[in-house]
Amino acid sequence: MEQTPKKAAEKFRPVIITGMSGGGKSLAARYMEDLGFFCVDNLPPVFIPKFINLCRETHGKINRAAIVVDTRSREFFDTFLHVLQDMDNAGQKYELLFMDATDAAIIRRYKETRRRHPMAPSSRLSDGIRKEREQLARVREKATYIIDTSELRKAELKNKIIRLFGS
């Protein structure tokens, strides 16, 4: 039985994944993709409402989407809270998954990968983590779900994602 465009749009489930660099956003997105979510990484926040509307207009071809937004978007990220507020004011439904970890876990992960933290390209890693926590504090408060990955193994994170988004 074919869904009407309105019913398909109502069933659409958008999830915005954000959080600390090194907190597990990419892994969460990968697990959500395995669950059938259409995933987009590093989308500038200003495009989120447009992207969600485009997905709703697919008449059920895309019924779940996960959008990863983080501080890699630099200047665009400053608009993130405004975009979320505008979506709230317009009654546009979404879920916000915030991926977090302790500073010690993030430092360990960055040392293992030898990558630069986006908020500390030329300064101390701990300074970048502190800046990012400050910048994300208000976003974290809006989260529908918060997952702390500090002590989680990959299989445990996968199971959490399945419990939250598998149905």
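Which residues are linked with Asp 100 in a network of salt bridges? In this predicted model, for which local features need pLDDT of at least 70, side-chain atom pairs count only at pLDDT 80 or more, and totals for chains, interfaces and linings use all residues, the network joins Asp 100, Asp 103, Arg 133 and Arg 140. Residues are numbered from 1 along each chain as its sequence is written, and side-chain values use heavy atoms, with hydrogens and water left out.

Side chains of opposite charge can pair when their charged atoms come close. Here a salt bridge denotes a side-chain nitrogen of Lys or Arg within 4 Å of a carboxyl oxygen of Asp or Glu. The structure contains eight such salt bridges.

Helices (H or I, at least four residues) and strands (E, at least two) are DSSP runs, numbered from the N terminus. The relative accessible area of Asp 100 is 6%, and this residue is therefore buried, whereas Arg 133, at 27%, is partly exposed. In this classification, buried means under 20% relative accessible area, exposed means over 50%, and partly exposed lies in between (1.4 Å probe, protein chains only).

A further salt bridge connects Asp 88 with Lys 142, and the closest N and O atoms of this pair are 2.7 Å apart. The two residues link distant parts of the chain, 54 residues apart: Asp 88 is in helix H4 (residues 80-89), while Lys 142 is in the loop between helix H6 (125-141) and strand E5 (145-148). Asp 88 is partly exposed, at 32% relative accessibility, and Lys 142 is likewise partly exposed, at 28%.

Glu 156 and Arg 153 also meet through their side chains in a salt bridge, with an N to O distance of 3.4 Å. Glu 156 has a relative accessible area of 29% and is partly exposed, whereas Arg 153 counts as exposed at 59% relative accessibility.

Cysteine residues were also examined. A search of the whole structure for disulfides finds zero, a disulfide being a pair of cysteine sulfur atoms within 2.5 Å. Cys 55 is buried, with a relative accessible area of 2%, while Cys 39 is partly exposed at 22%.
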